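User: I would like to learn how to read aromatic pairs, cores and pockets in a model. Can we take them one at a time?

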Amino acid sequence: MVKSSLSSVNLEITAECPMGCPFCYCRSDKRHHMDIGTAVYWVQQAASHGVTTVMLSGGEPMCYPHLEKLVYEAHQRCGHVVLSTSGYGLTGEKLHRLKRAGLDGIFVSLNGSVEEIHNKSRNGFQLTMFALELIQQERFHQFAINYVLMQNNADDFENMLALAERYGVDTLSVLSLKPDVSNHMEAVPTQTQLCNVAKLIARYHGKCDVYVEGCYPQLVYQVQTERHANEQFTPICGCNAGVHTFSVGIDGKVAPCRHLPFSEKRETLEDYLRSSPVLESLRKRHGCESELVCTATRMAQNL
């Protein structure tokens, strides 16, 4: 068996989502779900290579008809299961059943502290706020907000920190903007906004952890510059796609990350790890951490 450093897998379990958010990178299709057999198979494959975290995404995972069964299977085999949601379709009863099935954490997508800001990029603000209240009451092991940093919400970041504290959120996860379904990427934050957000993160010592995803080198670099060697914040600089994580699409094809257009049809994870030219290229680029930091630094300086 190929020696693996994989720790997580993302399953894109459905394309169905009624929200119709303006910036979304998914093409909604209410008829298109991952077959439950396919989903369980790739959970088994992931577990056999030491993966301990299963992330469920969509579309809207709450629209997936086999969600409880998949959560149970993933929890039994890998141990830690989380999902991302807009809040659509959530009820206290459904949350309780999912927790009982083995769901460990929920990431709620929220792009603004008030409806006016949130609705510039996402829909369903009231649904999302209601979801935060429900999840706060249920007390999951992991409760996070996924916050996509954009030009139209970056100036609201301090208010987002306050909101996260108010709802008892464990982590405010700051994500980079991805191309939408038409492969466009509008409303990218300005350099000034990035610097201001980085300063807020560096100076923040509240109850909520702030995580900047590793594939957001511009912001990671700015935070490192502001915070220097502060051990309270140790971001991973560089993308982990194909090295520590991989993704499975609705069609059962595997890829380093759902945001990379390099999906492959493979019968087993072993075959994918052993013979994928894309993974081989990614491994070479992840040769050492110092190279990743240098790469991120150059990208940030070229903004």
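Analyst: This is a predicted model. Start with tyrosine 147, which counts as buried at 0% relative accessibility. Phenylalanine 157 is buried too, with a relative accessible area of 1%.

User: How many aromatic pairs does a search of the whole structure find?

Analyst: The search finds 2 aromatic pairs. In one, tyrosine 41 and tryptophan 42 have ring centres 5.4 Å apart and planes at 80°, so the pair is edge-to-face. The other, tyrosine 147 with phenylalanine 157, is tilted, at 5.8 Å centre to centre and 45° between the planes. That pair links distant parts of the chain: tyrosine 147 sits in strand β5 (residues 142-148) and phenylalanine 157 in helix α6 (residues 157-166), 10 residues apart.

User: Are tyrosine 41 and tryptophan 42 buried or exposed?

Analyst: Buried means under 20% relative accessible area. Tryptophan 42 has 3%, so it counts as buried. Tyrosine 41 has 29%, so it is partly exposed.

User: Which residues touch the most other members of the largest nonpolar core?

Analyst: That core has 74 residues, and Leu11, Leu56, Leu70, Ile145, Leu219 and Phe246 touch the most other members. A second, separate core has 7 residues, including Cys21 and Val148. Beyond its neighbours within four places in sequence, isoleucine 145 contacts residues including Val108, Leu132, Met160 and Thr171.

User: And how do I read a pocket?

Analyst: Rolling a probe the size of a water molecule over the atoms shows where empty space is left. Here, the second largest pocket holds about 620 Å³. Its lining has 27 residues, with Glu12, Tyr25, Arg258, His259 and Leu260 nearest the centre. The lining divides into 12 nonpolar, 8 polar and 7 charged residues.

Terms used
Residues are numbered from 1 along each chain as its sequence is written. This is a predicted model: local features need pLDDT of at least 70, side-chain atom pairs count only at pLDDT 80 or more; totals for chains, interfaces and linings use all residues. Side-chain values use heavy atoms; hydrogens and water are left out. On a 1 Å grid over the protein atoms alone, a cavity is a set of points where a 1.4 Å probe fits but cannot get out, and a pocket is an open set with protein on both sides within 12 Å along at least five of seven lines; lining residues have an atom within 4 Å of a point. Grid points are joined across faces, edges and corners, and a volume is the space filled by probe spheres set on the points. Ala, Val, Leu, Ile, Met, Phe, Trp, Tyr, Cys and Pro count as nonpolar, Asp, Glu, Lys and Arg as charged, and the others, Gly among them, as polar. A nonpolar core is a set of buried Ala, Val, Leu, Ile, Met, Phe, Trp, Tyr and Cys residues joined through side-chain atoms within 4.5 Å. Buried means under 20% relative accessible area, exposed over 50%, partly exposed in between (1.4 Å probe, protein chains only). Contact means heavy atoms within 4.5 Å. Rings of Phe, Tyr and Trp (its six-membered ring) pair if their centres lie within 6.5 Å; planes under 30 degrees apart count as stacked, over 60 as edge-to-face and the rest as tilted. Helices (H or I, at least four residues) and strands (E, at least two) are DSSP runs, numbered from the N terminus.
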